[in-house]
Amino acid sequence: MKKIITLDIREQCLHVDYFNQKIMKHWPRESRQKILKEAMKLSVWAERSIHPKTKHVGFRLIGEKPAIAQIKAFIHQEFLEESSHLPKRSLTSDNVPRRGTVDFMRYAADSDELFPSYWSLNKSKKFWSNLQNKISGKSKKLLVEVDKETKDAITKLVTQTLDIGLVGQGNDAAGINYSSLKVLDVKIVENAEMFELYRVQRKRLFDKMVRKGKICQDIGKLRGSKGRVCTTELLSDSMKKELYYEVNEHYLFHGTKSDTIEALI
């Protein structure tokens, strides 16, 4: 009897539950603070948790069962507000068909994902106003800082793919004679208008290959090819997730002078 009562008390007063979701990789700080404040009012212990499979952020909750039900409802409402701008057919969601298949390309062609998930736009609560500002030109912030993992990956890629024998070739590189390169900074170009033009063309290519019933042939297997694209071969796994080899999408480096960057982006 005592054991049953103990278990019942533990279940009711030290109930443990989770709030998991499959859309947001990052939960905005302002919203997290609101959730923690509300949890405190309800005497519920709330802490951020990362789902072991999806790696999406959620919450671990400990407290009385009725109070946990209340805070879960509160978190759910916050989630709906924070994720309203995010795509429902994300290319990185758990429901995506297996990569390298026609089914995946069909899914990708119909995706409502406007930008890569790692863009800062997707992490902003003021998504639509920020997007409008970027498109209208009111926001001049097209170059956005990257996290350390991305910076390290790109820096390593530059070092590994540098071919000294090609330095100085081409009209723009005339007279240049370097034996090495040093990466000083890495930034993402978040030009919404330019990316939309690219996204439309990529969608057309997905549609075309779906009609053909196959993915694009690997560049390394094309007649006269010198091999597979080395940037993709050497790229870290984390950065390959949103790179679509099904349509031969690859990262390539392009050299230019610092005073022409603004014109390019």
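Q: How many disulfides does a search of the whole structure find, and how do you know?
A: The search finds zero disulfides. The term calls for a pair of cysteine sulfur atoms within 2.5 Å. As background, this is a predicted model, in which local features need pLDDT of at least 70 and side-chain atom pairs count only at pLDDT 80 or more, while totals for chains, interfaces and linings use all residues. Residues are numbered from 1 along each chain as its sequence is written, and side-chain values use heavy atoms, with hydrogens and water left out.

Q: Is Cys216 called buried or exposed, and why?
A: Its relative accessibility is 15%. Buried means under 20% relative accessible area, exposed over 50%, and partly exposed in between (1.4 Å probe, protein chains only), so Cys216 counts as buried.

Q: What makes Arg202 buried?
A: Its relative accessible area is 12%, under the 20% limit, so Arg202 is buried. Arg202 lies in helix 7 (a DSSP run of H or I, at least four residues, numbered from the N terminus). Leaving aside residues up to four places away in sequence, Arg202 touches Leu91, Phe195, Tyr244, Val247 and Glu249, where contact means heavy atoms within 4.5 Å.

Key. Helix = DSSP H or I, 4+ residues; strand = E, 2+ residues; numbered from the N terminus.
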